[in-house]
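Visitor: I'm new to this one. Can you put it up and walk me through it?

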Amino acid sequence: MKIQSPNHQITKSIKSPISLVLHSGGLDSTIACKILQAQGIQIIALYFITPFFGYKLGGQEKILSERALFDHGIEFKRIDISDVYLEMIKNPEHGYGKHMNPCIDCRILMVRKAINMLREFNASFVATGEVLGQRPMSQRRDALRIIERDSGAEGQLLRPLSALHLPPTDMENKGLVDRSKLLGLTGRGRKDQIALAGKYGIKDYPAPAGGCVLADPILSLRFRYMFELCPELDVNDCLLMRMGRHFILPDGSWLVIGRDQRENRKIVSMIREGDIKLDLTAGYGPTGLLRKTRSGFNADLAAGILCRYARVRRRLEEVRLSVPGTENIKTIKTFPVSDETINKSRI
Ligand code: SF4
């Protein structure tokens, strides 16, 4: 029996071997899928998400669209691994990269998860779009070996783009995968991948390595600071850290202020029990959110910081502090604070 993809480009037997491919939404992992498909292997792409990559925050997603992958005959599964990731990131066994990116442990975690899912999808092995020598931390030869070993994937992990520079896997030895049709790419250059994108008709792919905020030089500083301050940060906290201006007030309260209407709306949607919303009664200011407040927190200071970012700058402002879902509303008349005060609390 045969099944066909919607645009009839690919015909595959339902008895063909299945590979779970770790998919980043980018070009290299899509090429890995195409190389295996060309051998008659069926692909299920696993797209892991955490608050640091993959989550939809309402902005432009830096991944190939699900529709585009579907048209390439790639089944796409979005899998949330936030809980286990948040535990790992506090103390990654193999340390951090240049910023707060725990790349080796991140890859180990994803490969291990995929290996544990093989049976569920009746799949035979796991593949990735890794290229030997492309990334300084996680794609060195020794790192690739560590990832395979520590994820429990020995012999079951294929890197089709660099396979010819790596020892043959069990799948190649057993004849499930034809090694002669795999590639021997290495290094940071993109020329070969761009040529392969043309060959396979892969369009509109994102720039490499753009989607992980842990590797962002500015945002990673905020993440590091906040994880040191309160290690029990959860998904909502981490998503909140990715937007707006952030302040830790002297009493320990965490204040977040939207930078534009999109962020204001997003901040409102993320308010939860215990949070306090701030806005200007005049209606033209940003939205703020106070979290982790204690009794006796400095509401005047929070209100003064909010006023500082009002679109219309006036001397005296009225700021409304409310607890959404309750009648608990308080107003404060205050002045915008000075730049010096802002700089003392901003993170
Ligand atoms: S850049 Fe981010 S998503 Fe990529 S391997 Fe490193 S930690 Fe993981």
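Guide: What follows is a short tour by topic.

Guide: This is a predicted model: local features need pLDDT of at least 70, side-chain atom pairs count only at pLDDT 80 or more, and totals for chains, interfaces and linings use all residues. Residues are numbered from 1 along each chain as its sequence is written, and side-chain values use heavy atoms, with hydrogens and water left out.

Visitor: Fine. Where is glutamine 37?

Guide: Glutamine 37 is in helix 1, residues 27-37. Helices (H or I, at least four residues) and strands (E, at least two) are DSSP runs, numbered from the N terminus.

Visitor: Is glutamine 37 buried or exposed?

Guide: Buried, with a relative accessible area of 14%. Buried means under 20%, exposed over 50%, partly exposed in between, using a 1.4 Å probe and protein chains only.

Visitor: What does the side chain of glutamine 37 reach?

Guide: The backbone oxygen of glycine 73, at 3.1 Å.

Visitor: Next, alanine 45. Which strand is that in?

Guide: Alanine 45 lies in strand 4, residues 42-49. Alanine 45 is buried, at a relative accessible area of 0%.

Visitor: What does alanine 45 touch?

Guide: Leaving out residues up to four places away in sequence, alanine 45 touches Val21, His23, Ile74, Glu75, Phe76 and Lys77. Contact means heavy atoms within 4.5 Å.

Visitor: New topic. Which residues surround the ligand?

Guide: Phe53, Tyr85, Asn101, Pro102, Cys103, Cys106, Arg107 and Cys212. Each has a heavy atom within 4 Å of the ligand. Helix 4 (residues 103-117) gives the largest share of this shell, 3 residues.

Visitor: And the sheet, what order do its 6 strands take?

Guide: The order is 8-9-11-10-12-13, in an open sheet with antiparallel pairing. Two strands pair if DSSP finds at least two bridges between them. Strand 8 (245-248) and strand 13 (329-334) are the edges, each pairing on one side only.

Visitor: How many bridges join strand 9 and strand 11?

Guide: Strand 9 (residues 254-257) and strand 11 (residues 288-291) pair over 4 bridges, in the antiparallel sense. Leucine 255 stands opposite leucine 290 in strand 11.

Visitor: Which helix packs on that sheet?

Guide: Helix 11 (residues 299-308) does, touching strands including strand 10 (276-280) and strand 12 (317-322).

Note on methods: A polar contact is a pair of N or O atoms within 3.5 Å; within protein, one must be able to donate a hydrogen and the other to accept it, and residues adjacent in sequence count only if both atoms are side-chain atoms. Axes are lines fitted to C-alpha atoms, for helices over the stretch in contact, and angles run from 0 to 180 degrees between N-to-C directions.
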